[in-house]
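Biologist: I have not looked at this one before. Can you walk me through a few parts of it?
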Amino acid sequence: MTAWWRDAVGYEVYVRSFADADGDGVGDLPGIVARLDHLADLGVDIVWVTPFYPSPMLDHGYDVADYTDVAAELGSLADADALVAGAHDRGMRLLVDLVPNHSSSEHPWFRSARRGRDDPYRDYYVWRDPAPDGGPPNNWRSHFGGPAWTLDETSGQYWLHLFLPEQPDLNWANPAVHDEFEAILRFWLERGADGFRIDVAHSLVKHPDLPDDPLAVVSDEYEAGVTADDFEALEHRYDLDQPGVVDVYRRWRGIADEFGAVLIGEVYILEAGGLDRYLTAEGLHLAFWFAPLHRVWDPAALRAVLREGTDLAQRVDGGVGWVQGSHDVSRAVARYGGGQVGRERALAFGVLLSLLPGTPFLYQGEELGVDDPVIRPEDAQDPIAARNGAYDKGRDVARTPMPWAPGPGLGFTSAPRAWLPFGDRRPEDTVAVQRADPASTLSAHRRLLAARRPLLPLPRDVAWLTDDGGVVAYRRGDVVVAANLGDDPEDVDLGAPGASVRFGTDRAREGSPAGPRVRLAPREAVILAS
Ligand code: NOJ
């Protein structure tokens, strides 16, 4: 039997910016429940909701103070139950975002651990004496910039944090930490969650000796000191992707499989070969393939990165989560040049992702083709920008409120202000306007996902039909998917003479015979099937 998550369509909800039910300017769980029909109508199967635990929100929920409760600002455990039930009623599954690499410094474990070297929770975290000169124990840097160590004045030891100082890394060499997380998995699975997105899933385990990381070869844009570029200055040989991390997932896999649940890892490794060992039959069910997010709009580069991800999907037991955006990166539309061209490019690329072997995920707002807004420095919330001064790297551009309807509050909130600026959305960016317009990006996504479903399952084999030029195309069984990623029209033989157009970014083509050769306008994409 095919696992339910294979070929499913995922959708990432950034909880603080999806829908605000209580009018405080921050999205919440009841807001998501009230908007579940949007996701069901779109054709979504799996809803991943970003962290909603109690948290000081210094990294907007990725700093967890209690793994088995809900932040009052975002709802209650009863609201989480209602969310699971609401998703299930509509035939969708719900994934909780699990953050096992670090907790918040406000977590009772860390508060206790800070009491002193003899505290029973001390060993839940990674502590080391200072280097001989009194400085940090090694050269590791935080993902957000600056040293990965902060001195605890009380005990005279440093604690490790690969993110903010207020996000201390948990010590995965301590079996008690394993036990705690296994109980946390069960807590949410018993409440009906269908699995987990695992935050920085290639992290957790560190080299036991904590050696210095070697220096990396860095780009010309590297700026030492204040920015997240600091992290790129090192080759992460000892702090990330350590051999033992997959042992953690072997144990979690057993638990997830008891419940028929899925584990999907944010394994941020940009060479596909590095993902194999995470995607064994005893490992993660799925891992996101992030390399496309790091390519410029160039047909050859994009073709290569799709092939690399496809090869991975074909050789591993697990599956590939295909993405072109998330709450951590500039929106695809903006990366591809912005405006109408950026929107058309993102849609065309999304069509290619939709039928590759694996599980395509949309990030909220992608179905609308929204662009990055301008975030003024004084409005910045993301710690990368607000605390480390790296305004050009701030992630707020991808996190502004979902535009549901024209007018003040965008149908997102009744409050005059939201936690982030609304982002100058136009009426035509909103769900309400796009739903009524058959030519909108939203309508295209609904048609795409509706056309895709009856074509599944497809054979795992993928034949790539073009090796150069602007058109990227592949065949799986009787289905051909093609997109012109170039800037000129192209005539191509897609080898599907008897096929008809099941989906077209130009909807006038749908239902018509494909013909022996297909002429694709720039940024046009089609799905053909016989
Ligand atoms: C990855 C998450 O997606 C990001 O938003 C967060 O800041 C880091 N992990 C740390 O948890």
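Predicted model: local features only at pLDDT ≥ 70, side-chain atom pairs only at ≥ 80, totals over all residues.

Biologist: Are the faces of β8 covered or open?
Modeller: Both faces of β8, residues 262–265, are covered. V262 and I264 lie on one side, L263 and G265 on the other, and all of them are buried. In general, side chains in a regular strand alternate between the two faces of the sheet.

Biologist: Changing topic. In what order do the strands β4, β5 and β6 sit?
Modeller: The order is β4-β6-β5, an open sheet of 3 strands with antiparallel pairing. β4 (127–128) and β5 (149–152) each have a single partner strand, so they stand at the edges, with one side of each left without a neighbour in the sheet.

Biologist: What joins β4 to β6?
Modeller: 2 bridges do, and the two strands run antiparallel. β6 covers residues 157–160. Within β6, W159 stands opposite W127.

Biologist: Now the helices. How far does α8 reach?
Modeller: Helix α8 (residues 299–315) reaches 24 Å from its first C-alpha to its last. With 17 residues, that is close to the 24 Å expected at 1.5 Å a residue.

Biologist: Which residues of α8 are buried?
Modeller: The buried residues are P299, A301, L302, R303, V305, L306, G309, T310, L312 and A313.

Biologist: And what do they pack against?
Modeller: The buried residues of α8 pack against the strands β9 (286–289), β10 (319–322), β12 (463–464) and β13 (471–476), and against helix α10.

Biologist: Okay, α10 then. At what angle does α10 pack with α13?
Modeller: α10 (residues 339–354) and α13 (residues 441–452) pack at about 10°, with their axes 11 Å apart. The two helices are therefore roughly parallel to each other.

Biologist: Which residues make that contact?
Modeller: From α10 they are R343, L347, G350, V351 and S354. From α13 they are T441, A444, H445, L448 and R452.

Biologist: How many of those are nonpolar, polar and charged?
Modeller: The contact of α10 with α13 has 4 nonpolar, 4 polar and 2 charged residues.

Definitions and conventions: Residues numbered from 1 in each chain as written. Heavy atoms only, no water. Axes fitted to C-alpha atoms, helices over the stretch in contact; angles between N-to-C directions. Helix = DSSP H or I, 4+ residues; strand = E, 2+ residues; numbered from the N terminus. Parallel < 35°, antiparallel > 145°, perpendicular 65-115°, else oblique. Contact = heavy atoms within 4.5 Å. Nonpolar A, V, L, I, M, F, W, Y, C, P; charged D, E, K, R; others polar. Pairing = 2+ DSSP bridges. Expected span 1.5 Å × (residues − 1). Buried < 20%, exposed > 50% of the residue type's maximum accessible area, 1.4 Å probe, protein only.
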